[in-house]
Amino acid sequence: MKKKIIIAIKTLLVIVLTAFVVVHKSRTPRILVIHSYNIDYAWVRDINLGLKRVFDKHYDITFRFHYMDLKNHIGEDFQRRAQEAAHKLIQSWQPDVLILFDDLAQKLVGTQYVKQNEPIQVIFGGVSHSHEDYGYDGKDNVTGILERKPLQAIKAILERIAFARGFDLNGPGTKPKVAFLGTRSYSINAEIGIYNTFDWSPLIWVAPTQVETYEQWLDSVKLLSRSADILLVSNYRKLSLKSGGNKLASSKEVMAATQQTFKRHGGRLPVVGMNYFNVEDGGALAVGTSPYEQGDIAAKMAIRVAREKMLAGQIDIVQSKQFIVAIRKKELDLWEIQLPPVYEAFARATDNYWD
Amino acid sequence: MNKSIATPLLDLLLANDAFSRVRKRDISRLILFMNEQVVSADEVLIEKGAPANDVFLIIKGKFLTDAPDGKTVEKYTGFIGAEAALGAAVYHKTLRATDPGCVMRFPAKELDKVAGFNPQLKSLLFESFTDTTLPTDHVSYQPAARSENANEKTDWQDLTGWITLPIIATLIIYFSQGWALNANAVRFLVVVSAAATMWVFALVPAFVPPLFSLLAVILFDIAPAATALSGFTSGTFFMCMSVFAIGAMVLNSGLAFRLMLKLMVWLPTSRTWYSLMLWAAGVLMTLVIPSPAGRMAMVSPVLINLIESSDSNAHCKYIATQFICSTMSGVILFATIFMAGKPSNLILYGMFDGQTQFAYQWLNWLGAASFTGAVLLVLYVGVFLIIFRTTATFSISRQVVASQLKLLGPISNREWGSVAALLALGVGVLAVPFHKMEISWLTLGIAVMLLSSGILGPQEFRKYIDWPLLLFIGAIIAWVPIMESIGLTTAIADRLVCLSRFAVTRLPTFIGVLCLLIVVSRLILPTGVTVVLFATATFPIAKSAGITPWIFAFIILLMCEAHIFAYQNPFSMQLRNQLIHQKLANNYNEKKIILFNLWMIAIRVAAIYLSLPFWKYLDVL
């Protein structure tokens, strides 16, 4: 009899405990972060740092990270599989909040989940296009942070290096010409119009160039070294080795070859990256949008939506404000350029300074 | 022979002091291994120095042995040759019968297993041993059977291995100067090469090299300690431990054995149905017991019983061979189809990144592997019908089965506990979207409940969980994060870029080469080691090629379990040894088994190729 009572009590305890666990877990918010690219991409790595700064304080929320890896693999077939894998994950894991980074994730995933009466709330980050391009305007389950290149900061540093190399920016002398070279990637296509309409004066803006292959890239660098004094580069990670091919040129090789070719063919100022991690690839100087801000803002929005059980659309969409400066001293010294100490201090503070 | 064991003899056994307190489920299993032996006057039952394989229980008669002081010792009860079950390689005393008598013969290994859970039986074995040997005659214990030649061969193997290890390490250090790798990557390559050499030459137990690698990574600061130890803090580690515990529970509660016996009772007594029963028992246990060796331990007594019921003539040999092939394929055929079908699956699952782990856990794994499983089933049935096409008939008495079922009695609390654990696991896995608990913690929860309810005892938890294997898993699953953290994955992928392009553009050829390499490697390497080495080499290729590592893992696992010769698989060797020990080595056709194994390799390769369109359909490829 005693044994039977003990067994009954144990069984009851198991049932009660299981019920508690199920109730607790069903109340625990779940946030799923989907990146368009992979963790080996510095941009993604640093967005995650921004996210984790916020997430680490909320251990009672369940987080999961998913990488679509669309920078390393550019084929349409891979893109379709990556899209399908992301959908399967969302369907099976059923997050309360979905954080989507960069444009491809919006195009392939976000467009499916941003709609009226959708229980999943969507936060976007790293978006170069307009959010209207994805049909996000007027939807109540979406908000996020737009990524905009810090053109004012880029212009300021270009003026500084032009001045350091003897250009008279305020006088009647020849003003430095600035050219942009990039790929025909989805995000650059979105940004190029903004570059063209930006007020670069006193610098002279040269019509931008977009290419597909590594060979075209190097040919363009040669041409631009004759028509421009400063070369701005961005998003060269999707340069294919052959036209229509899926094999990509190494980002480090591209940066090294770009700097050498530009200098050898008469470029008068260093190649400047528009993403801070261009210096990680070997570049001399870069100014780019802060990935930490993208991660930090998106995480804070997601936590607020998850905690307060509110609609994401109740939070206003914001634009990036912060930027990062990255410096490789050895490369910059080749141009005999001295930047004000504040730049070096800033680059060192964000761990983006290489001796 | 055991098939003639009648109820009175069983009653006699149960009435014997030695077995009166032994668990009924243990006796029920032991019945299949024990033989009644009639002894004539002056017959020498065991001889000093002979290999100690069996233990005898005196049922009737008187036996004499010489004591060291020159006197003779008489023995009427208890065990004879008990030293065999206590670890001795040879008998220490000669015992002969003085009158006609009767004994029950038990294989020492089986009796030792039962004694492990029945301390009073162990004590009786020890007492029986000391009865005839005190004062001691200084016969020393010898290590388990290894011939001198075997020792010499092992010594040469050891020597070659220990010489090869530093040579390979030095070569890697020398040649790596041209590979543009960072110092930590080179160090880790040296560590991995040392581990691989230890495995290939079997220099140390299989779980030691991963521990050695873990230690080296920490001591040489190759990667942060947290990364090196990440395997032990991962959910996968606890999931493996829990799955092993639940499997041990099912194995030892008697539930699996009872189901086997029930199957034997329900199914018609014919060759085809017995064959199907042996196969189905293995397949069903694949769902609940994560160890092929554990499944084989459950099915093999029934198989042996069936083979013992046949003779060694050609007709019966044919049927016995069919039964053996049914058993082996039942135990292993679907081991890769179910995620918890065998420990190697869990090792590779642990080596996946978190994203792949989530995408291919449990039901998703089963879904992706289901088509291959169906193809394997169809091809297996076809091959089986071709190889074992006969009109021969076979049937045995159900008397033994009935006796065994009677001994087991009603379903025990432990068996109900096993049923509850399996139900909880099944329902829990299916209801993940509802309870939102990770499966790792769900399995741990079930294991904790089994332990806290006392259904799974601490002794069984210690004894039946393969702790060295768990250490192996915990240490090995950190290899991938270590490689990632030191940039070795990218470096390997960059250097194997031609292979990854080959994998993308000519996947069928790549798979063919992979299968061939695995089959050849398995001739010299054990399953676990082959699995780990091939996964370490192919996962970076998968990453670079944009293919999910699950595909390569699945192919590696499927091909690694295929074998040609018995020595290649522990469960196969285990069965072979049991058959030899039961003096049944001549009752089956070894060549036919090898032919069957070759067919099994062919159908595995065919199943992989036929699954490619299905994987494309699922977007796995």
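Q: At what angle do the axes of helix 20 and helix 22 of chain B cross?
A: Axes are lines fitted to C-alpha atoms, for helices over the stretch in contact, with angles from 0 to 180 degrees between N-to-C directions. In this predicted model, helix 20 (residues 413-430) and helix 22 (residues 439-452) of chain B cross at roughly 165°, their axes coming within 10 Å. Helices here are DSSP runs (H or I, at least four residues), and strands are too (E, at least two), numbered from the N terminus.

Q: Are helix 20 and helix 22 of chain B roughly parallel or antiparallel?
A: Angles under 35 degrees count as roughly parallel, over 145 as roughly antiparallel, 65 to 115 as roughly perpendicular and the rest as oblique. Helix 20 and helix 22 of chain B are therefore roughly antiparallel.

Q: What does Asp296(A) form with Lys300(A)?
A: A salt bridge needs a side-chain nitrogen of Lys or Arg within 4 Å of a carboxyl oxygen of Asp or Glu. Asp296(A) and Lys300(A) form one, with their closest N and O atoms 2.9 Å apart. Both lie in helix 9 (residues 291-308) of chain A, four residues apart, about one turn of the helix.

Q: Is Asp296(A) buried or exposed?
A: Buried means under 20% relative accessible area, exposed over 50%, partly exposed in between (1.4 Å probe, protein chains only). Asp296(A) is buried at 17%, whereas Lys300(A) is partly exposed at 48%.

Q: What conventions apply?
A: Residues are numbered from 1 along each chain, and chains are lettered from A and ligands numbered from 1 in the order written. Local features need pLDDT of at least 70, side-chain atom pairs count only at pLDDT 80 or more, and totals for chains, interfaces and linings use all residues, while side-chain values use heavy atoms, leaving out hydrogens and water.
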